[in-house]
Amino acid sequence: MTVVEKDPTRTKDPVLVDVSWDPITRIVGSLGIFTKIDFANRVVADCRSTSSIFRGYSIFMKGKDPRDAHFITSRICGICGDNHATCATYAQNMAFGIRPPAMAEWIVNLGEAAEYMFDHNIFQDNLLMVDFCEQMVKETNPSVLARAENTPAPHAADHGYRTIAEIMRALNPFTGEFYRETLHVSRYTREMFCLMEGRHVHPSTLYPGGVGTVPTVQLFSDYLVRLMRYVEFMKKVVPLHDDIFDFFYEALPGYEEVGRRRMDTVCWGSFNDPDECDYTYRHMTNWGRAMFVTPGVVVDGKLVTTDLVEINRNIRILLGHSFYEDWADDGEVFVEKDPLGFPIDKRHPWNQTTIPKPGKRDFDKNYSWVMCPRYLHEGEHLAMDTGGGAFARLLATSLAGIVDVGYIKATGNSTKIYLPKTASKPEVEFEWKVPKWSNAIERDRARTYFQAYAAAAALHFLDKAFAELNAGRTDTFTPFTVPDEAIGCGFHEAVRGVLSHHVVIRDGKIANYHPYPPTPWNATPRDMYGTPGPYEDSVQNTPIFEENGPDTFKGIDIMRAVRSFDPCLPCGVHMYLGNGKVLETRHSPNFGPQP
Amino acid sequence: MATDTVPYGRKTQRDSPVSDLHIVWITAGLGCDGDSVSITAATQPSIEDVLLGAIPGLPKVHLYNPVLAYENGEEFIKSWHAAANGELDPFVLVIEGSIPNETIKKEGYWAAVGTDAATGQPITTCEWIDRLAPRALAVVACGTCATYGGIHAMQGNPTGAMGLADYLGWDWKSKAGLPIVNVPGCPVQPDNFMETVLYLLYMVAGLAPIIPLDDQLRPTWLFGDTVHDGCDRAASYEQGDFAADYNSPRCLVKLGCWGPVVNCNVPKRGWMAGIGGCPNVGGICIGCTMPGFPDKFMPFMDEPPGAHLSTGVIGVYGTAIRALRKVTNTTVNKEPRWRHTRPELTTGYRPTTY
């Protein structure tokens, strides 16, 4: 087992300064980051993160009609709400015992593929890449910008920017050419989404049992022409991002340590195959493996399972430093055994009870509105991350080596993506190879490659949808009745990582409902066993490459580490890390002792 | 540019009497940031049209929205503090997310953003509203959470959530004498919101009268009509032709669509670029723009109580009309009889030269 040991050269006596950013911007939701920076050794010594919003979905959903679950839970998130709605319909389908027509699955897959194309695109190039733009690099690392001015872009022929600095200029917010182009791309990809699911971000046409979308030649043609524009765009974007990411490794030796942690990732799989997926728990192992993004748990770089039933049994929700009372002693047991007879833990989402208890923020006690999801592996409650979604998806899919659909081939250690000829560019092949590190740059790079993956997957789904249409199989909905008593679970990939919905139905109403989105996995506080969350060990020990001293410190390396996870705060983010000696307290970037 | 240097009396730009306008946008209500994300989809106008000055005669706009900001932390939030201290003027305050009731518990907070330097505690969203609303030129509630409470104000909620007008008072007026402007929608339809912003900019520039609002403080030109008024499936309603399940491209009113009684322009406008929507593309209208949302529309997938009677009545008339139209439709689907290959002219023209 290779535990990442970071910065063994920390030799000088630490000079710790409290630096905080509240809020962290360019993410969805309100995140505060509170750090102790060791400016003598140029490293982050300590880090806590908080979010300060509580809404109470699992409380107000009790007693509601189970058919309403997808309409309600979509509102959990304003950028990937449709992932919630989709995941909720998966759980409804299992609970109601229904299998939608194949056409409905292809329409949902096309909608969700458009969501990945849109969401990764707008987050990467309109929010995250601002951290790599000319304006930012000029303010944080002027010598790196000077070097970029004189560094030719290796893929200039593919994307049209002669030097790395030209790429950086194109990324400047609102004034940069590429920034504005990606805003435009974020719009036509959302149009593709709206063709399939009606509205972005809270869909109108999804139902348990299928969709209300009307499958026509026009519907799929309108999608296709936009998709091909995106395919052409990706032929420029992948080389452009490769150029800028490779440049950072080259210009700042050791940059691979920024945001680095053990390669412990989770992926719950995405895009059901209607030929295999019957939504029964009994067959979930098989239809889970047939998904077009393979579910998988990776511990220390090794794939340990691709079995959704096993994955479901090993999810645990632990209490952390959060504003809740424990339920494990006297909370209600909703599910004693899963449908295959395996005992279900008191701390499994099916059995969770949410009891809020608001209080003052106290970093030594409670400061958080989230609990701690953990994965139980060989007796240990592991804090797993999603790598911002794309990283864990490509890793699980690559290592499993199952997906093979013509446009995509998983090889066992890489994923090959084939994009057909477009208006002005020939056919290309991209290959995402399992990287050496789980760090900020590789999480960001995986996001770009997954944009291409989603486009390639959509080409396959379009082939399938046209085949159904041409064969006259245009039903999109399977009627159903709501059972009095049932349980269900849905597994999906929200854009930024794993998403699960667990529902218990009694007397035809929701008795218990617990959605678990990606950000709680990535950003948990310490749990009751003292295990820190993924942000904590990836941000702590991040070396500081920024050229500014304490007085003008912007914390760009920390921002890059945090944003690489694509934090989405409506999911809830809270973390806590260690105890450092406080020498000074400063609020970046306006320094000076605070009262 | 001085007019005397301009040839031929040319005039392409009119200076706004207010040169700079700030938009302070708080996303930290109980929400999902879906409205901020939504406005990045707008094209009529787009966010960059407004920020880059693409529309003539308007003030220069400075936006302080955490989802889109370049700055972080203190560098970002100092603008909010400046607005609260009267140093950033004039500004429009945009609120996103429902307003929790912070007075129902002993301690702690339901929604907050930023840290109070004096106490080290989070600054609650309510506190921000209390500081900023009195100084704002106008206050806009963006999305159904902020306008009326929305999903997070559902029955059984633990936070006592409400809309902005419930919090500030429905008679509240800004220092410029403007009521709260409500732009509901879950999320807000992109162009509906940006068009409202554009209207306010015209107002500030002296180019438009006071914004027309209805009793629920909605812009009248956006919310005066119902979903049904703009829905292309309303034709099948009129003919008593109702979908029996979601496989059908007919009117969805018997399957849970509330379109006939919901104020919203989405089926007419589409979701973006005229694409998408709700009942027009197969999604029941769940009333997400309405003050009664969500409780008065749940369970969403049941037929609305009034629809049983109305569809029964329209069914009699509609079925007859549909049958008559079928006859006419069959007739007009046939070409006139004089289009043929026979060696005779039967069009009615009497040729004398051939």
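Let me start with a detail of chain A, namely that A:V201 sits in the loop between α9 and β4 (206-207) of that chain, and that the peptide bond joining A:H200 to A:V201 is cis, with an omega of about 15 degrees. Please keep in mind throughout that this is a predicted model.

Staying with the backbone, A:F271 has a positive phi of about 65 degrees although it is not a glycine, and its place is the loop between β6 (265-267) and α11 (284-289) of chain A. Is A:F271 buried or exposed? A:F271 counts as buried because 25 C-beta neighbours lie inside 10 Å. On chain B, B:A273, likewise not a glycine, has a positive phi of about 50 degrees and belongs to the loop between α10 (266-269) and α11 (307-332) of chain B; with 17 other C-beta atoms within 10 Å, B:A273 is partly exposed.

Turning to chain A as a whole, we have 17 helices and 18 strands. Its radius of gyration is 23 Å, close to the 25 Å that the globule rule gives for 595 residues, so chain A is as compact as a globular protein of that length. The C-alpha trace of chain A spans about 65 × 65 × 40 Å along its principal axes, and buried residues make up 63% of the 595 residues. Of the contacts in chain A with a separation of 6 or more, 74% are between residues 24 or more positions apart.

Leaving aside residues up to four places away in sequence, A:A455 touches A:M117, A:L227, A:Y230, A:V231, A:M234 and A:L419.

Now to the contact between the chains, which takes 75 residues from chain A and 69 residues from chain B. On the side of chain A that touches chain B, the elements giving two or more residues include β1 (16-24), α1 (57-60) and α9 (177-197), and α9(A) gives the most, with eight residues. By class, that side of chain A has 33 nonpolar, 25 polar and 17 charged residues.

I will end on chain B, where β4 (residues 112-115) and β5 (residues 122-124) pair in the antiparallel sense over two bridges, with B:A112 standing opposite B:T124 in β5(B). These two strands, β4(B) and β5(B), form a hairpin with six residues between them, and B:G120 in the turn has a positive phi of about 75 degrees.

Note on methods
Residues are numbered from 1 along each chain as its sequence is written. Chains are lettered from A and ligands numbered from 1 in the order in which they are written. This is a predicted model: local features need pLDDT of at least 70, side-chain atom pairs count only at pLDDT 80 or more; totals for chains, interfaces and linings use all residues. Two residues are in contact if their C-beta atoms, placed from the backbone, lie within 7 Å. Helices (H or I, at least four residues) and strands (E, at least two) are DSSP runs, numbered from the N terminus. Ala, Val, Leu, Ile, Met, Phe, Trp, Tyr, Cys and Pro count as nonpolar, Asp, Glu, Lys and Arg as charged, and the others, Gly among them, as polar. The radius of gyration is taken over C-alpha atoms; the globule rule is 2.2 Å times the number of residues to the power 0.38. A residue is buried if 20 or more other C-beta atoms lie within 10 Å of its own, exposed if 12 or fewer, and partly exposed in between; C-beta atoms are placed from the backbone. Two strands pair if DSSP finds at least two bridges between them.
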